[in-house]
Amino acid sequence: MQIEGPNGAGKTSLLRIISGFARPDEGNVLFNNQNIAEDYDNFAQSLLFIGHRTGVNLQLTAYENVQHWLGVHGYGCTEDEIYSLLGKLGLVGLEDVPARTLSAGQQRRVALVRLWLNQAKLWILDEPFTALDKRGVAMLQGRFQEHLDSGGSILLTTHQDLTNSFSSLQTLVLEYRH
Amino acid sequence: MQVSNSYWTLFCNVYRKDVTLAFRQRAEIVNPLLFFLIVITLFPLAIGPEPALLARMAPGIIWVAALLSTMLGLDKIFRDDYMDGSLEQLIASPYPLSLAVLAKVAAHWTTAGLPMVVMAPVFALLMNLEPQALGATVLTLLIGTPLLSFIGAIGAGLTVGLQKGGILMSLLVLPLYIPVLIFATSAIDTSIMSLAYSGQLAILGAMLAVAFVAAPIAISSALRVSVS
């Protein structure tokens, strides 16, 4: 599902409420008919969230960032798998330099490696295409299709039109109100 | 890729990240220690280098300096993670946030508290502290500095979302340090008189035990409020 709307319409706020970072003023967020506020850790097992602030530490290297994220989310992965994935995302030779020396698009790619390394059913992505080049955007959409084919769902905000056609795409348009 | 559900892995990962970062920016470890040293050298200059007077004031000065230099690093404990979004990733992990918080506090203590415990005998000599009080000084710091990290992290968690949270955090946290200060300096004073100070140590230990259990829960609630 794609969430659209002008700046300030509340796209990010909506995603943060659905992810459980912010409490809604009214109502509840249900996942599998279960209020996420009641059993958040259970919900978190099915959730992958990548926000504006991607959680890439600029002092650590790309490899260390991925490694740390895997550890925090309970996924185990061999060194080779991480390196080959970083290579696939166009970060060959940049795996072991501090992330602050990478460009904005490359830093974004370090964060997006997680999309290949998780078993979450629900992906919540806030502006995932920011700073990515055309090839990156295409690769990301390819990954989206794989995830959808394996029965997952994606909730994302973006100002760009998706270039791939997703058969199950739904669009929610938020209006800006004062 | 396999899923390994282990609390220990999470703890190690969070701990390793913070300690690695501290060693990569070595000023983070060295600066609080230098601050500790400078505060301690200022006192003899200000009140006069009379050995008896210094020895009398040493426990208080060492502990106040320890409090203040702990405050220096506290601000950073959650700030970077908040700014770059790592904190959200910790919250959105399937593990309890309080466990990650415990690891972060442990890392803070390793890089801020432990060096002070190690350097304490040197600083005690600078202050002409009685030799029989050395053991008490090191022991109170050993039990007291993790306590300072726990209490301070609650304040850091509450103020991490604020633009200039540093001063507010000091105002929140320093009054809470008073009980630690009282029992720690009282233990050192007692040891100078060659009396048993196990009572004060036991109280410090009890406070640490309570903080170990309760503080991570308080800190994670504070962080959830700051992030939302």
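**Exercise 1.** Is Ser220(B) buried or exposed?

*Solution.* The model is predicted: local features need pLDDT of at least 70, side-chain atom pairs count only at pLDDT 80 or more, and totals for chains, interfaces and linings use all residues. Residues are numbered from 1 along each chain as its sequence is written, chains are lettered from A and ligands numbered from 1 in the order in which they are written, and side-chain values use heavy atoms, with hydrogens and water left out.

Step 1. Ser220(B) belongs to helix H10 (residues 198-227) of chain B; helices are DSSP runs (H or I) of at least four residues and strands (E) of at least two, numbered from the N terminus.

Step 2. The relative accessibility of Ser220(B) is 7%, so the residue counts as buried (under 20% relative accessible area; exposed is over 50%, partly exposed in between, with a 1.4 Å probe and protein chains only).

Step 3. Beyond its neighbours within four places in sequence, Ser220(B) is in contact with Leu97(B), Ser98(B) and Val101(B) (heavy atoms within 4.5 Å).

Step 4. The Ser220(B) side chain also reaches the backbone oxygen of Pro216(B), at 2.7 Å.

**Exercise 2.** Determine which parts of chain B are tied together by the salt bridge of Lys104(B) and Asp18(B).

*Solution.* Step 1. The two side chains, of Lys104(B) and Asp18(B), meet at 2.9 Å, N to O; a salt bridge requires a side-chain nitrogen of Lys or Arg within 4 Å of a carboxyl oxygen of Asp or Glu.

Step 2. Lys104(B) lies in helix H6 (residues 97-126) and Asp18(B) in helix H1 of chain B, so the pair ties together parts 86 residues apart in sequence.

Step 3. Lys104(B) and Asp18(B) are both buried.

Step 4. A network of salt bridges links Lys17(B), Asp18(B), Asp81(B) and Lys104(B).

**Exercise 3.** Describe the contact between chain B and chain A, including its salt bridges.

*Solution.* Step 1. Chain B contributes 30 residues and chain A 33 residues.

Step 2. About 2,900 Å² is buried between the chains, 51% of it on carbon and sulfur atoms; buried area is the accessible area (1.4 Å probe) that two parts lose on being put together, summed over both.

Step 3. Two salt bridges are counted between chain B and chain A. One of them joins the side chains of Glu64(A) and Arg24(B) at 2.8 Å, N to O.

Step 4. With a relative accessible area of 23%, Glu64(A) is partly exposed; Arg24(B), at 41%, also counts as partly exposed.

Notes
Polar contact = N/O pair within 3.5 Å; in protein donor to acceptor, adjacent residues only side chain to side chain.
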